[in-house]
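User: I would like to learn how to read helix packing in a model. Please take me through it step by step.

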Amino acid sequence: MRENWLILATGGLFSGILAGLLGIGGGTVLVPLLVSLGYAPVQAVATSSLAILVTSISGSIQNWRMGYFNWKRVSLLGFPAVVTSQIGVYTASRILPYILLLAFGILLLINIYLVNLRQHLTNKQALTEAHFNPLLARLFTGGAAGILAGLFGVGGGVIMVPLQMLLLNEEIKVAIQTSLGVIVITAISATIGHTVTGNVLFIPGLLLGCGGLLGAQISTRVLPKLPDRTVSFVFRLFLGILSIYVFWQAWQSYSA
């Protein structure tokens, strides 16, 4: 039992570092960890939501204290994501698991391309001339992130960050800090829903959350000090590793 508690706290710490550094919820780490410890998949997803809520609140409070939290940006992305995530959940129940995983892996590779594309668009004049309406672009980004988060069962950060960079002309650090704030809103919605159905395991969730709280405090302080090029490289590297893992999971699901 104590060994599991240590594993949970360490896993939470790692997910918290990823959350603050890359603007993702950490569910891609926490759900497999919980399943490997013997928890049912639905309990793993639900408990991960509670841990992500604690972690994202911790990181967002720290970003706010440092002056890197914009309520308007977060709201315009977060509330559409909450609404459209239900569309993703509904659609996911009607697609074969291995096809869903394969599509998610392809999406991750597309996101790597989008981040690379944004890096090549260094001429801000050229981006401005694209005439994206800021309000509509934010609503679209949040809505798309919500659908895909509900569809693939992960936080919307892997989608929100590239879209914010491309459509809203935001630097990667700003996109990450905003994404972490949006995850607070989506995690509240998910945690309430899972609590009502009785799937949340509060002790493991809080252990993960406490580790994540510490990790987020560390990474949100480190992020502003890192060069944009380094943050971009780490983000793309994580997407690449995650895509390989997802393709492997798709193969396992197809072979089963």
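User: How are helix 9 and helix 11 oriented to each other: roughly parallel, roughly perpendicular or oblique?

Analyst: Bear in mind that this model is predicted. Two packed helices are described by the angle between their axes and the distance between the axes. Here the axes of helix 9 and helix 11 (residues 228-255) cross at roughly 55° and come within 9 Å. Helix 9 and helix 11 are therefore oblique to each other.

User: Which residues make that contact?

Analyst: On helix 9 they are Ile172, Lys173 and Ile176, and on helix 11 they are Asp228, Val231, Ser232 and Phe235. Four of the residues in this contact are nonpolar, one is polar and two are charged.

User: At what angle do helix 8 and helix 9 pack?

Analyst: Helix 8 (residues 157-167) and helix 9 (residues 172-196) pack at about 140°, and their axes are 9 Å apart. This pair is therefore oblique, and the crossing is right-handed. Helix 8 contributes Gly157, Met160, Val161, Gln164 and Met165, while helix 9 contributes Ile172, Ala175, Ile176, Thr178, Ser179 and Val182. By class, that contact has seven nonpolar residues, four polar ones and no charged ones.

User: How is helix 3 placed against helix 10?

Analyst: The axes of helix 3 and helix 10 (residues 202-222) cross at roughly 25° and come within 7 Å. An angle under 35 degrees counts as roughly parallel, and so helix 3 is roughly parallel to helix 10. The crossing of helix 3 with helix 10 is right-handed. Among the residues in contact are Leu50, Val54 and Gln62 of helix 3, and Leu206, Gly209 and Leu213 of helix 10. Nine nonpolar, eleven polar and one charged residues make up the contact of helix 3 with helix 10.

User: What span should helix 3 have, given 1.5 Å a residue?

Analyst: Helix 3 (residues 41-65) has 25 residues and should span 36 Å; its end C-alpha atoms are 36 Å apart, which agrees. After helix 3 comes Gly67, with a positive phi near 85°.

Note on methods:
Residues are numbered from 1 along each chain as its sequence is written. This is a predicted model: local features need pLDDT of at least 70, side-chain atom pairs count only at pLDDT 80 or more; totals for chains, interfaces and linings use all residues. Side-chain values use heavy atoms; hydrogens and water are left out. Axes are lines fitted to C-alpha atoms, for helices over the stretch in contact, and angles run from 0 to 180 degrees between N-to-C directions. Helices (H or I, at least four residues) and strands (E, at least two) are DSSP runs, numbered from the N terminus. Angles under 35 degrees count as roughly parallel, over 145 as roughly antiparallel, 65 to 115 as roughly perpendicular and the rest as oblique. A crossing is left-handed if the near helix is turned anticlockwise from the far one by less than a right angle, and right-handed if clockwise. Contact means heavy atoms within 4.5 Å. Ala, Val, Leu, Ile, Met, Phe, Trp, Tyr, Cys and Pro count as nonpolar, Asp, Glu, Lys and Arg as charged, and the others, Gly among them, as polar. The expected span of a helix is 1.5 Å times one less than its number of residues.
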